[in-house]
Amino acid sequence: MSTHAATLYARRNRKSKFWLALCYAATGFGLFSLFLILCALFYEGFSGLNMAVFTEMTPPPGSAGGLLNAIVGSLILTFLGVLVGTPLGLLAGTYMAEYGRGSKFTTSVRFLNDILLSAPSIVIGLFIYEIVVAPMGHFSGIAGVFALALLVVPIVTRTTEDMLLLVPRPLTEAASALGMPRSYVITKVTYRAALSGLITGVLLATARISGETAPLLFTALNNQFFSADLNAPLASLPVIIFQFALSPYKDWQRLAWSGALLITLSVLILSIIARVLGTRKIAK
Amino acid sequence: MVDILAESKAFTTVRKDQRERVFKAFKSSDGFYRFITFSAALTILVLLGGVIVSLVIGSLPTFRAFGLDFLVTEAWNPVSDKYGAMAPIYGTLVTSVIAMAIALPVGLGIAIFLSELCPDALKRPIGIAVELLAGIPSIIYGLWGLFILAPFLQAYVQPALISAFAPVPVLSSLFAGPPYGIGLLTASVILSVMILPFITSISRDVFQTVPAVLKEAAYGIGCTKWEVITKVIIPYTTTGVAGGAMLALGRALGETMAVTFVIGNAHRISTSLFAPATTISASIANEFTEAVGDLYTSALISLGLILFVITFIVLALARLLLMRAQAHV
């Protein structure tokens, strides 16, 4: 009997060890794929990176050049996208966390906002095409800005609501007790207390849209030449990467890798800053 | 004395005036702020409604021309203006299902590792690494898939699979045909790596909500670590894990750039996983700017509508499950 129990226990232990080993293997697989992706990106990206990438325009097939117009285009699109999207998200998040806290309306807005948050970005592109590009009759930078702004809104709304809800109640109650109306309490006390959290949200949104490609394909389109005109098609790094990577030309493919490296680095830097700000908030 | 009294009286009335003015200003500014924040929240609903309405309007010509047959027709021919959504829908579902089949066990494994096995010193760095994986833009995955993964699969994995499964009756047709490198399988592998971090981070978060007492009680009656995980932790967190998985599925269904690079963009349904295929989002990304003619554009918008409806259902389910998991805690 006791030997039977002992073998049973040994079997259970072996089974446990076997499955746990698979968990280690899974973690190894995850880390290994991240390592492979970053290795390829840094190797290919840095080997093609030189000053020309930042100073010259995108070249015609078969000749050398840079990504200047795409970099400028991406900066314009991302900056304006955040600029347009952030206020809306901030205000909506404020309503949900303050005036409409716990109401049915807030619950349903939060639910639908979360769906918008993970909705396929290409569908957002189609929507902007329908309401901006089609009536205007041509592709334009401004359509790209709206598409990106629409991706910013749900992220900022979500983080704003979460961060405002973290502000300690006694703080706002003390402000209210001084006779401040709600709007003053929100703008002068709550926002200030939650500032680093709010900035985190905006940074996360910036990181998210700076690599977005799908909604730009048929809104901002692309432009081989330097342009800062929002009423005309505008080049952007992701779209250039897409076009160049699928081309048969070696020069273009090399530029695509360099562009990919630039995007990834900026996304990583933005997320690191966001993380540092976010943890500081929690540490308080 | 009288002077002072008179002054103070005047002062009181002035102060009263000021008070009322300030009070009014406060009140109106508060009303104003309430109004604009409410409008902003309402705008989100309007935007979502706008997306649905515009997609429905855009896809009307297609459904008028082909009816519901659009959903079950495989043909996709811009020359003769005949369109069917069967092949992209098939591609979308197959790539997502395979991606989930790979990513779910691996993602849960990593989550178990992070919450139960990992030494404390490594928890943060590995957690950050997983989140880095989530932060990489999808176009980078596409680029990597096209230049690194696809040639690798083409040279080593696909020929091996083809010869290994050649004598097996059903599986031989799944792994048949020339190894192109790009196709359904490659797209699925890329997708699985992309959605891995979503599954991992949500599962890890819900695993951490399991009360220590429950685990300790299980260890106390002699359970092995694996038994604690499968009989206590996972049953306790099923709702949350399912929610995370649905969220990841929603991502996989709608993912565009990573798939577009490696799917091959062929509007046909083949049994082989090595064959080039297409997904809804890849078709739209590849063809939309080149679409000439209203019907072609409308067919692509209809694909977008179908994708939106599918992901809406999946994501709504995911949020409901996650909300229930949160209430449970």
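Analyst: Let us start with the two chains. This is a predicted model. Chain A and chain B bury about 7200 Å² between them. Carbon and sulfur atoms hold 81% of that area.

User: What makes residues of chain A and chain B count as in contact?

Analyst: The test is heavy atoms within 4.5 Å. By that test, 79 residues of chain A touch 80 residues of chain B.

User: Why is the pair Glu131(B) and Arg275(A) called a salt bridge?

Analyst: The cut-off is 4 Å, from a side-chain nitrogen of Lys or Arg to a carboxyl oxygen of Asp or Glu. Here the N to O distance is 2.6 Å. The value is within the cut-off, so the pair of Glu131(B) and Arg275(A) is a salt bridge. The rule finds 3 salt bridges across the interface of chain A and chain B. It also finds 8 residue pairs in polar contact there, both residues at pLDDT 80 or more.

User: Which helix of chain A gives the most to the side that touches chain B?

Analyst: Helix α1 (residues 2-47) of chain A does, with 21 residues. By class, that side of chain A has 55 nonpolar, 17 polar and 7 charged residues.

User: Why is Arg182(A) said to form a salt bridge with Glu98(A)?

Analyst: Their closest N and O atoms are 3.8 Å apart. The limit is 4 Å, so the pair of Arg182(A) and Glu98(A) qualifies. The whole structure has 13 salt bridges over all chains.

User: What does the pair of Arg182(A) and Glu98(A) tie together?

Analyst: Arg182(A) lies in helix α8 (residues 182-193) of chain A. Glu98(A) lies in the loop between α3 (68-97) and α4 (104-118) of chain A. The two parts are 84 residues apart in sequence, so the pair ties together separate stretches of the chain.

User: How many aromatic pairs are there? And why is the pair Tyr129(A) and Phe288(B) called edge-to-face?

Analyst: There are 26 aromatic pairs over all chains. For Tyr129(A) and Phe288(B), the ring centres are 4.6 Å apart. Pairing needs centres within 6.5 Å, so these rings pair. Their planes stand at 90°. Planes over 60 degrees apart count as edge-to-face, so that label applies to this pair. The pair crosses between chains. Tyr129(A) is in helix α5 (residues 121-136) of chain A, and Phe288(B) is in the loop between α10 (280-287) and α11 (294-328) of chain B.

User: How is chain A divided, and what lies between its domains?

Analyst: Chain A has domain 1 (3-47) and domain 2 (53-278). Their C-alpha centres are 36 Å apart. The contact takes 6 residues from domain 1 of chain A and 6 residues from domain 2 of chain A. These domains bury about 650 Å² between them, 83% of it on carbon and sulfur atoms. Leu41(A), Glu44(A) and Gly45(A) lose the most area on the domain 1 side, together 64% of what that side buries. The count between the two domains is 0 salt bridges.

User: What does the rule find between the domains of chain B?

Analyst: Chain B is split into domain 1 (1-66) and domain 2 (85-327). Between them the rule finds 0 salt bridges. It does find 4 residue pairs in polar contact, both residues at pLDDT 80 or more. The side of domain 1 of chain B that touches domain 2 has 9 nonpolar, 3 polar and no charged residues.

How values were computed:
Residues numbered from 1 in each chain as written. Chains lettered and ligands numbered in written order. Predicted model: local features only at pLDDT ≥ 70, side-chain atom pairs only at ≥ 80, totals over all residues. Heavy atoms only, no water. Buried area = accessible area lost by both parts, 1.4 Å probe. Polar contact = N/O pair within 3.5 Å; in protein donor to acceptor, adjacent residues only side chain to side chain. Helix = DSSP H or I, 4+ residues; strand = E, 2+ residues; numbered from the N terminus. Nonpolar A, V, L, I, M, F, W, Y, C, P; charged D, E, K, R; others polar. Domains from an automatic or database assignment. Phe/Tyr/Trp six-rings, centres within 6.5 Å; stacked < 30°, edge-to-face > 60°.
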